[in-house]
Amino acid sequence: KQWYQRRVAITAGDIKKMAKQGEMQAVRVMAKDLVRTRRYVKKFIMMKANIQAVSLKITTLKSQGAMANSMKGVTKAMGAMNKQMNMPQMQKIMMEFEKEADMMDMKEEMMNDVMDDVMGAEEDEEESDQLVNQVLDELGLSLNDELGAVPIATGSVGPKKEKSTDCDSALIPLL
């Protein structure tokens, strides 16, 4: 581009000199040369743009080709993996796993319940009583004093009860 600007400036200066000297024949030749130079510069600029466009297309095609090759490899790997997978067998294994996990959960729950019944209930009650007594002691209160101040109802609340049957009387102590 700098070459072009220098060439145009030199030619324009020469045209002015020749025009002052009255050399019209030389002015016409130089003007044609200037026009031709401008046309070539435009063609070079267009050619450069076209070459850049082709270069971009080549780069795009290369990246698309690389992506296609990668997809080809992935497709082969997926096909091999699908051939190795036996879905009915895998479903059977998963169902067995789920069944065994459920059984293990039930057994664990049963063991926890038994352990709580055997050991935990008394310890939990004792521990909770100790915690309540500690809190009340810190507040300066006694559980017996507070419970003693609560009035005790002597009558029954609610609708009249009918006579209970033998089954009811047998179940009441169990509650």
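**Packing of helices α1 and α2**

In this predicted model, W3, Y4, R7, V8, T11, D14, I15, M18 and A19 of α1 are in contact (heavy atoms within 4.5 Å) with A26, V27, M30, A31, D33, L34, T37, R38 and V41 of α2. The residues of this contact comprise 12 nonpolar, 2 polar and 4 charged, where Ala, Val, Leu, Ile, Met, Phe, Trp, Tyr, Cys and Pro count as nonpolar, Asp, Glu, Lys and Arg as charged, and the others, Gly among them, as polar.

**Geometry of the pair**
- Helix α1 spans residues 2–21 and helix α2 residues 24–84; their axes lie 9 Å apart at an angle of about 165°.
- The two helices are therefore roughly antiparallel, a term for angles over 145 degrees.
- Their crossing is left-handed, meaning that the near helix is turned anticlockwise from the far one by less than a right angle.

**Residue T37**
- T37 belongs to helix α2 and is buried (under 20% relative accessible area, 1.4 Å probe, protein chains only), at 7%.
- A polar atom of the T37 side chain lies 2.7 Å from the backbone oxygen of D33.
- Leaving aside residues up to four places away in sequence, T37 touches W3, Y4 and R7.

**Whole protein**
- The protein has 5 helices and 0 strands, helices being DSSP runs (H or I) of at least four residues and strands (E) of at least two.
- Of its 175 residues, 5% count as buried.

**Basis of the values**
- Residues are numbered from 1 along each chain as its sequence is written, and side-chain values use heavy atoms, leaving out hydrogens and water.
- Local features need pLDDT of at least 70 and side-chain atom pairs count only at pLDDT 80 or more, while totals for chains, interfaces and linings use all residues.

Technical notes:
Axes are lines fitted to C-alpha atoms, for helices over the stretch in contact, and angles run from 0 to 180 degrees between N-to-C directions. Angles under 35 degrees count as roughly parallel, over 145 as roughly antiparallel, 65 to 115 as roughly perpendicular and the rest as oblique. Buried means under 20% relative accessible area, exposed over 50%, partly exposed in between (1.4 Å probe, protein chains only). A polar contact is a pair of N or O atoms within 3.5 Å; within protein, one must be able to donate a hydrogen and the other to accept it, and residues adjacent in sequence count only if both atoms are side-chain atoms.
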